[in-house]
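Thanks for coming. I will take a few minutes on one structure, starting with a term and then going through the parts.

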2 protein chains.
Amino acid sequence: MSLKSKGISYERELIHMFWKTGEWAAMRVAGSGSIKYPSADILAGNALRKLAIECKSVKNESVYIPKEDIEQLQEFAKIYGVEPWLAVRFHDTQWHFISMDNLQFTKNSVVITTDNIKTKGLLFNEVIGKFE
Amino acid sequence: MSLKSKGISYERELIHMFWKTGEWAAMRVAGSGSIKYPSADILAGNALRKLAIECKSVKNESVYIPKEDIEQLQEFAKIYGVEPWLAVRFHDTQWHFISMDNLQFTKNSVVITTDNIKTKGLLFNEVIGKFE
């Protein structure tokens, strides 16, 4: 599988998780990496809340995400009127969701590690406000 | 250009129209025709309003749209919590937007003609509530 296909397959996993709740719709945005307008990888929502999600699946222990990627996610979310979230899936761990307030910036990027994601990230059920 | 490419190029035209307002975000949904969940072709929105749009570009004087396509648009819009709209672009005319209340059903489909679209359809600026 190409890197792109692998990325899309992780995004699909997340989309299924939203639909499986029976209360959330979710979808991939076409060409989110290549179109000239700000965008997000995934949109999810219901009548009460809507999320714009930038997704990263990561093999190593840490990942640097260019600051521009975060800025365009925030710009998109502002215009579309939804909550911006970064979702990170380290190999063999669950999806973690990080709000914009909890991002740790270096000069040109945001750094996410397997360590800081545990203190800064929310799990899927926490993001959608479902506690069983 | 294939039929699919032509369809996408019309959808892109509509997406540009939304962004050009400076107040609306718009995007295509990936694989809207092929995924197993209800969907729409285009999403457009701002902080106040959000639309799920099924798009049709039509060569002839009329078009029949399967009732299932409309039903799944409505189902999607209900779960995602947005307004469902049908947007039709007859050759050499502007985009017209038809609300679900104004659709004319036959037994298995919705019929749109160049005649009824003029009485039942709204133009782009009317849909977004912009009157200059």
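First, the term: a residue is buried if 20 or more other C-beta atoms lie within 10 Å of its own, exposed if 12 or fewer, and partly exposed in between, with C-beta atoms placed from the backbone. This is a predicted model, where local features need pLDDT of at least 70, side-chain atom pairs count only at pLDDT 80 or more, and totals for chains, interfaces and linings use all residues. Residues are numbered from 1 along each chain as its sequence is written, and chains are lettered from A and ligands numbered from 1 in the order in which they are written.

Take A:Trp95, which sits in strand E6 (residues 95-99) of chain A; strands (E, at least two residues) and helices (H or I, at least four) are DSSP runs, numbered from the N terminus. A:Trp95 counts as buried because it has 20 C-beta neighbours inside 10 Å. Contact here means C-beta atoms, placed from the backbone, within 7 Å. Beyond four places in sequence, A:Trp95 is in contact with A:Leu14, A:Ala87, A:Arg89 and A:Phe124.

Now the two chains. How many residues does the contact take from each chain? It takes 16 residues from chain A and 16 residues from chain B. On the chain A side, strand E1 (25-28), strand E2 (42-45) and helix H2 (67-80) each supply at least two residues.

A rotation of 180 degrees with 0.0 Å of shift along its axis puts chain A on chain B, RMSD 0.0 Å; the superposition is by least squares on C-alpha atoms of residues with pLDDT of at least 70 in both copies. The two copies are therefore related as by a two-fold rotation axis. Both use the same surface: 100% of the contact residues of chain A recur in chain B. In chain A, A:Ala30 comes closest to the axis, with its C-alpha at 2.1 Å.

Next, H2 of chain B. Its buried residues are B:Leu73, B:Phe76, B:Ala77, B:Ile79 and B:Tyr80. They cover an arc of only 165 degrees around the axis, so they lie on the same side of H2(B); the arc is that of the directions from the helix axis to the C-beta atoms. These buried residues pack against E1 and E2 of chain A, together with strand E3 (50-58) and strand E5 (83-90) of chain B. The face turned away from the buried side carries the exposed B:Glu68 and B:Glu71. Just after H2(B), B:Gly81 takes a positive phi of about 80 degrees.

Notes: Contact = placed C-beta atoms within 7 Å.
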